[in-house]
Amino acid sequence: MKPLNFLLVGVGGQGILTASDILAELGLRAGYDVKKSEVHGMSQRGGAVSSHVRFGPRVYSPLIAQGAVDYLLSFELLEAARWATFMHPEGTVLVSTQRLPPIAVTSGGAHYPEPEEVRQELAGRVRQVFLVDAPQAAQGLGNPRVANTVLLGALSALLPFPLTQWEETVRERVPARFVELNLQALRAGQELVGTR
Amino acid sequence: MKRLLSGNEAIARGAFEAGVRVGTAYPGTPSTEILENLAHYPGVRTLWATNEKVAMETGLGSAYAGARTIVAMKHVGLNVAADPFFYGAYTGIEAGMVIVSADDPGMHSSQNEQDNRRYAKFARVPFLEPSDSAEARDFTRLGFEISEAFDTPVIVRTTTRISHSHSPVEVDPDWQPADTELPPYPRNPRKYVMIPAYARPRHVVVEERLERLAVYADETPLNRIEWGDRRLGIVSSGVSYNYAREAFPDASFLKLGMPYPLPPRKVREFAAGVERLIVVEELDPFLEEELRLLGVAVSGGKDAFPVLGEFDPDVVRGGGRKLGLLPEEGRRPAPVALELAPRPPVLCPGCPHRSVYHVLKRLKLVVNSDIGCYTLAVLPPLAATDTMGCMGGSISMAYGMELAGRAERGVATIGDSTFFHSGIPALLNIAYNGGRTIVIVLDNRTTAMTGQQGHPGTGMGVCGEGLHQVAIEDVGRAFGLQRVFVVDAYDTREMRRVLQESLEATEPTLVVARRACALLPVAREGRGLPYWVDLERCNGCGLCFDIGCPAIMRTAEGQAEIDPTLCVACDLCAQVCARRAIQRGEERRTS
């Protein structure tokens, strides 16, 4: 079996590192070798952030090659397009409808894409694209910050790991007082993509 | 139990398991988390040093005194610490000493991508290079044993991609390091006082030690041959080994966990056992040169794998294609058609640096800057700085510009932690030699860039514990400076007034621009409501866009709009607005 390659992208402060921690831990619990890679420092000052997560019987490289991403989780609309060339033709994209226009857009006049433009950019390159209204689902749960877990929940609907395994991992990786909220977010995300 | 640890967490774990007693460092990406993690283990004294030289000397002192010690720094930190590092290589130690050098290929957060493997050879000390977190833990632990067996400091060299990648490590949660008593201090000035008469025989010891280390390099399983298809042999180490393993899954490998000194016997055995030998290594041709010195024919190295930048699977495959070892690429993914607005890192909303640079730009001053978040002020739209090179460099740079005698006036801007790191001797130099240089310390009450570590100005330790606090203005006054001002960094009018007055002065000026980093919890206290734009007054002149605040947006009509979820009510945009269109949140909306 080749490693499963997940790329989680978005903007600093969106909880991407927490989401990738949960995903990597899930792989470890499922008995795989796991590598997870991201860069701290400059990228956190409102810049673009990416985290590579790989599971498999043996994983060497901490980074995913171009054209080899099986699942792209984009926590922000524009960022999904930035990573389009990394997708495997059989891959799946889950993109949150969250819009966080960078300064080049807000005060510089650069273009910010509509959801349909992002879908079109990706659709021809992969097997399926899901636009996930994670911000609204998170808002519905009373905390916009759990949009990251909503997107993970959407991913969980597409992967062969039982929900209980996801839930155990969330319990382990999330501070106690936020566990219940994140479990709800997980289920909400799963429902957005359709339960198995 | 298996746990997912980052390379830095694993190094801290390895140090703990080795029974380390003292750990010290200055924060620097990608090394910072080593000390932060080590601080959570029992029985280890951890402290932020004021700079890497101080950390190295403190580490040597405790290792001389018989305590296992780890010091950690980013690659350029070893430049700062080079002086004690070199004499430490001569003296050796009483208890194990591991120096972590965390290099940053690709310059994710650095001013250069120097290859610190060269330091190991330069100082004649061994270095270990892990390829994942399990090795990072094991090699660190072993590093202390090698250090004691050969009486030498040992470098554990990582790169950003090892320090910040997570992979499984088998951890025994009940592990207790061996409880060792400090041995009596062996007074031994011939070994530890490096006057020339004592240093000359130590140099002999160093060269002999290197020969014994080369014998060890051949014996240790850290360096191993993995036989595969003998038509291709790859010599590699660190993260590069992982990329090469995936790009060339069938090849034979010489995997070097201890690349210096090279294991001569294993190298020759490997070279003789393969038809073609190539070297896959990030940055400099370090291994390639060492192999060539041993007379090994290298048929593929830096001619194919770049000297520049960070490797990734695509770079390594590209090198393989260049050497004719991999087939040409088939279908390449089409480039992205959609316009991709860039998203570089920016100063946060409410960052107290922004207002200071705004004033400096208005005054058209030449700005010599330093290392920290505020280096981002060089980017448009602020575009406010002129020079920046290394920690603490700004003050002397500004003084040098003054000495050159040009008419344009210049200033130095330096962060609070950076001032304590290496700005103090530079300020003293100006106080001593005389001059009229203006030094602005951007005192945001933390070491922000690396993730809010304490420093002497905050009086906070590694775990936030209270320590002695030193005020920057007191340092200036102690040097005899007459012109010392403390200004609220948000107050642009006062900052402008002080600077204009200082430009006329004939003696040096120290301005402490004080305001807590907007990300600190203390900055939230008493924070006002988000500001808003009175659209009847806003004429879209764009003055407020020029401060580069992420909370200010341009509407379709070209007017300004403030994102209330981002605005932290710092007031800067209201201060720059010529039409008083930007209103405090507390003001009732009239439009």
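Trainee: Which residues make up the covered face of strand 3 (residues 45-48) of chain B, and which the uncovered one?

Mentor: General idea: side chains in a regular strand alternate between the two faces of the sheet. Here T46(B) and W48(B) lie on the covered face, R45(B) and L47(B) on the uncovered one. Strands are DSSP runs of E, at least two residues; helices are runs of H or I, at least four; both are numbered from the N terminus. The model is predicted: local features need pLDDT of at least 70, side-chain atom pairs count only at pLDDT 80 or more, and totals for chains, interfaces and linings use all residues. Residues are numbered from 1 along each chain as its sequence is written, while chains are lettered from A and ligands numbered from 1 in the order written.

Trainee: In which sense do strand 2 (residues 22-25) and strand 3 of chain B pair, and over how many bridges?

Mentor: Pairing requires at least two DSSP bridges between the strands. These two run parallel, over four bridges. G23(B) sits opposite T46(B). The link between the strands passes through helix 2 (residues 33-38) of chain B, and this β-α-β crossover is right-handed. That is, with the strands pointing away from the viewer, the path from the first strand over the helix to the second runs clockwise.

Trainee: Where do cis peptide bonds occur?

Mentor: Most peptide bonds are trans, and most residues other than glycine have a negative phi. T29(B) and P30(B) are joined by a cis bond, with omega about 10 degrees. P30(B) is in the loop between strand 2 and helix 2 of chain B. The bond from P380(B) to P381(B) is also cis, with omega near 5 degrees.

Trainee: What is the phi of M107(B), and why does M107(B) count as partly exposed?

Mentor: Phi is near 50 degrees, a positive value in a residue other than glycine. M107(B) counts as partly exposed because it has 13 C-beta neighbours inside 10 Å. The scale: 20 or more other C-beta atoms within 10 Å means buried, 12 or fewer exposed, in between partly exposed, with C-beta atoms placed from the backbone. D151(B) has a positive phi too, about 55 degrees. D151(B) is partly exposed, with 15 other C-beta atoms within 10 Å.

Trainee: How many residues does the largest nonpolar core have?

Mentor: In soluble globular proteins, nonpolar side chains tend to be buried together. A core here is a set of buried Ala, Val, Leu, Ile, Met, Phe, Trp, Tyr and Cys residues joined through C-beta atoms within 7 Å. The largest has 155 residues; V150(A), L151(A), A25(B) and V100(B) have the most contacts inside it. A second, separate core of 74 residues includes I395(B) and V512(B).

Trainee: How many residues does each chain give to the contact?

Mentor: Contact means C-beta atoms, placed from the backbone, within 7 Å. Chain B gives 43 residues and chain A gives 45. Helix 11 (238-247) is among the chain B elements giving two or more residues. That helix supplies the largest share of the chain B side, five residues. The chain B side divides into 24 nonpolar, ten polar and nine charged residues. Nonpolar covers Ala, Val, Leu, Ile, Met, Phe, Trp, Tyr, Cys and Pro; charged covers Asp, Glu, Lys and Arg; the others, Gly among them, are polar.

Technical notes:
Two residues are in contact if their C-beta atoms, placed from the backbone, lie within 7 Å.
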